[in-house]
Amino acid sequence: MIIVAITGASGVIYGVRLLEVLKELEKDITLLVTEPAEIILKHELGIDEEQIDSLVKRHYDAKDLTTDINSGSCRFQSMVIVPCTMKTISAIANGYTSNAITRAADVALKERRDLIVVPRETPLRSAHLENMLKIAQEGGVILPAMPAFYHQPQNIDEMVDFVVGKILDILRIDNQLYHRWQE
Ligand SMILES: Cc1cc2nc3c(=O)[nH]c(=O)nc-3n(C[C@H](O)[C@H](O)[C@H](O)COP(=O)(O)O)c2cc1C
């Protein structure tokens with residue numbers, strides 16, 4: 001099982017596209033969406049949280065700290081937080097597990113599972129950088145929402161697919177979402 005969390009940063013399109021691709025690949029996905037993310041989903045993509053329900057097997061309330069994924073005994077394999085706010089990064093870095101996203105990320109780090117965090121903020125202050133460093137030092141992967149241009153994207157979808165392809169690479173899921181250099 002893979003946990004995908006969408007938090008209230010700009011770039012929720014990355015999270016929704018990841019869900020679409022994982023659905024095509026028939027992966028077992030548990031989704032968590034924060035309240036700020038619901039507002040951004042509406043603003044940037046014109047969609048409600050319910051409209052992405054069909055892409056996933058389970059959708060838990062991010063405020064619910066009683067579900068299976070809140071426990072270290074839950075054998076989820078990987079967690080991706082995309083996009084990830086500086087607030088959520090701060091909570092993860094400092095072990096402040098006040099919702100199901102930060103708690104599951106805490107479990108991922110303590111149980112040595114895959115944790116991929118996709119920050120979206122610019123510019124960055126030192127607290128942001130220090131918090132990302134803490135997560136990286138514990139084995140989390142910091143994968144900024146930072147599309148490249150060497151694959152010569154022709155539109156926004158191709159820029160989004162570059163970032164989503166990089167997430168799948170870290171998850172060790174074979175994909176052709178972007179053109180690899182000299183392939
Ligand atoms: C339109 C809009 C865009 C935002 N974009 C970002 C962003 O890109 N990165 C970020 O760290 N916070 C961003 N925020 C602020 C977060 O939504 C805010 O810190 C919130 O408390 C995050 O909560 P969450 O991590 O639980 O979703 C944005 C807020 C709004 C209203």
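1. The outward face of α5. Turned away from the buried side of helix α5 are the exposed residues S126, L129, E130, L133 and Q137. Helices here are DSSP runs of H or I, at least four residues, and strands are runs of E, at least two, numbered from the N terminus.

2. Basis. This is a predicted model: local features need pLDDT of at least 70, side-chain atom pairs count only at pLDDT 80 or more, and totals for chains, interfaces and linings use all residues. Residues are numbered from 1 along each chain as its sequence is written.

3. The inward face of α5. N131, M132 and I135 are buried. Seen down the helix axis, the buried residues of α5 fall within an arc of 100°, so they line one face. The arc is taken over the directions from the helix axis to the C-beta atoms. An α-helix has 3.6 residues a turn, so residues three or four places apart point the same way. The cover over the buried residues of α5 includes α3, β5 (114–119) and β6 (141–142).

4. G139 follows α5 and has a positive phi, near 100°.

5. L109. This residue sits in helix α4 (residues 100–110). L109 is partly exposed because 19 other C-beta atoms lie within 10 Å. Beyond its neighbours within four places in sequence, L109 contacts L115, E138, G139 and G140; contact means C-beta atoms, placed from the backbone, within 7 Å. L109 and G139 are 30 residues apart in sequence, yet 7.0 Å apart in space, C-alpha to C-alpha.

6. The core. The largest nonpolar core holds 55 residues, and V4, I81, V82, V118 and I167 have the most contacts inside it. Helix α1 (residues 12–24) gives the most to this core, 7 residues. Such a core is a set of buried Ala, Val, Leu, Ile, Met, Phe, Trp, Tyr and Cys residues joined through C-beta atoms within 7 Å. Leaving aside neighbours within four places in sequence, V82 is in contact with V4, I6, Y14, G15, L18, V118 and I167.

Key:
Buried ≥ 20, exposed ≤ 12 C-beta atoms within 10 Å, placed from the backbone. Contact = placed C-beta atoms within 7 Å.
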